[in-house]
Amino acid sequence: MFFKIHQAKLSLKIYSLDMPIIVDYARLQHRYIVLGAEMKLVWILCLFLIGIHTSASAEKINVVKDKNEFGGITAQVTYSPGEPFHDQGIAELIGHMNGKHRIIKLETVYNEAFAKQLLKAKTIEYYDENENKIIQLEEFFTDQYSALFGIARQVTRYDENGKTMQLEKFYTAAWTKKRGITRTLAFYNSSGQLVKKEEFKTGPPPDNDSKVKTITYYDGKGKLLKTEIYDPKGNLKTISP
């Protein structure tokens with residue numbers, strides 16, 4: 001338990017600095033597991049394409065869609081306790097292929113034990129269909145994590161060189177009620193430095209559902225340049241310093 005709390009405190013510090021590497025330590029640590037599962041999923045999907053039945057496999061395989069929005073099939077592979085991938089943390093993989101039989105979107109659902117350790121329940125990776133590079137990572141956090149930090153979901157977008165260019169965080173209803181923040185969006189330059197941050201908040205009573213936006217600009221070296229505050233109607237109200 002001490003390790004998890006310490007891990008969470010480290011994450012809190014990273015979040016407060018708006019660093020794009022949040023939770024990536026866990027992603028890197030276990031990336032080899034997902035890579036292995038991805039390769040196996042591709043193999044399974046290829047077997048489906050040429051009509052070979054895989055009943056010898058222990059996995060539960062299901063074609064969710066014969067033709068998805070990317071022009072290919074979507075297949076779901078479920079792993080049960082005792083199977084290698086489940087024992088290494090993966091409960092389910094859902095692969096979305098394009099018409100060229102490349103995975104464009106890969107959903108990874110973690111089993112309960114691994115989710116508690118990783119503090120994430122699910123991830124969705126999006127790939128460039130031409131070069132097979134990851135262009136977006138979507139992370140869904142556990143209730144435990146969300147209760148601590150208020151973040152339910154996070155989206156990281158990458159440039160063509162694989163560097164983080166945007167980091168978007170979506171907050172829980174409970175956190176929004178307490179702090180007023182609904183969403184934040186951070187922008188980074190090619191050196192990985194924060195250059196702009198947009199913060200969306202609930203509006204003042206009685207129009208609580210209206211959004212108030214604050215935009216903060218940085219020089220790319222950590223120095224604050226200016227802050228703009230907009231009212232619920234989108235009118236610029238304040239500029240500082």
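1. Of the 241 residues of the protein, 46% count as buried. The model under review is a predicted one. Its accessible surface comes to about 13300 Å², and carbon and sulfur atoms hold 56% of that area.

2. Secondary structure and contacts. The protein contains 7 helices and 13 strands. Among the contacts with a separation of 6 or more, 28% are made by residues 24 or more positions apart.

3. Salt bridges in general. Side chains of opposite charge can pair when their charged atoms come close. In this model, a search of the whole structure returns 9 salt bridges. Three of these are discussed below, with the accessibility of each partner: Lys116 with Glu112, Arg183 with Glu168, and Glu228 with Lys226.

4. The pair within helix α5. Lys116 and Glu112 form a salt bridge whose closest N and O atoms are 3.8 Å apart. The pair falls within the definition because a salt bridge requires the nitrogen to be within 4 Å of the carboxyl oxygen. Both residues belong to helix α5 (residues 112-118), where a spacing of 4 residues corresponds to about one turn of the helix. Glu112 is exposed, at a relative accessible area of 60%, while Lys116 is partly exposed, at 43%.

5. The pair between strands. Arg183 forms a salt bridge with Glu168, and their closest N and O atoms are 2.5 Å apart. This pair links distant parts of the chain: Arg183 is in strand β9 (residues 181-188) and Glu168 is in strand β8 (residues 164-171), 15 residues apart. Is Glu168 buried or exposed? With a relative accessibility of 7%, Glu168 counts as buried.

6. Lys226 and its partners. A salt bridge joins Glu228 to Lys226, with 3.2 Å between the closest N and O atoms. Glu228 is buried, at 7% relative accessibility, whereas Lys226 is partly exposed, with a relative accessible area of 33%. Lys226 also lies over the face of Tyr217, at 5.3 Å from the ring centre.

7. The charged end of Lys122 sits over the ring of Phe140, and its distance from the ring centre is 5.5 Å.

8. Aromatic pairs. A pair of aromatic rings is described by the distance of the centres and the angle of the planes. The whole structure holds 4 aromatic pairs. One of them joins Tyr110 and Phe114, with 5.4 Å from centre to centre and 40° between the planes. This pair is classed as tilted, because planes under 30 degrees apart count as stacked and those over 60 as edge-to-face. Both partners are buried: Tyr110 has a relative accessibility of 12%, and Phe114 has one of 8%.

9. Aromatic cluster. Which residues form one aromatic cluster? The members are Phe141, Tyr145 and Phe149.

Technical notes: Residues are numbered from 1 along each chain as its sequence is written. This is a predicted model: local features need pLDDT of at least 70, side-chain atom pairs count only at pLDDT 80 or more; totals for chains, interfaces and linings use all residues. Side-chain values use heavy atoms; hydrogens and water are left out. A salt bridge is a side-chain nitrogen of Lys or Arg within 4 Å of a carboxyl oxygen of Asp or Glu. Helices (H or I, at least four residues) and strands (E, at least two) are DSSP runs, numbered from the N terminus. Buried means under 20% relative accessible area, exposed over 50%, partly exposed in between (1.4 Å probe, protein chains only). Contact means heavy atoms within 4.5 Å. Accessible areas come from the Shrake-Rupley method with a 1.4 Å probe; for residues, only the protein chains shown count as cover. Rings of Phe, Tyr and Trp (its six-membered ring) pair if their centres lie within 6.5 Å; planes under 30 degrees apart count as stacked, over 60 as edge-to-face and the rest as tilted. A charge sits over a ring if NZ of Lys or CZ of Arg is within 6 Å of the ring centre and within 35 degrees of the ring normal.
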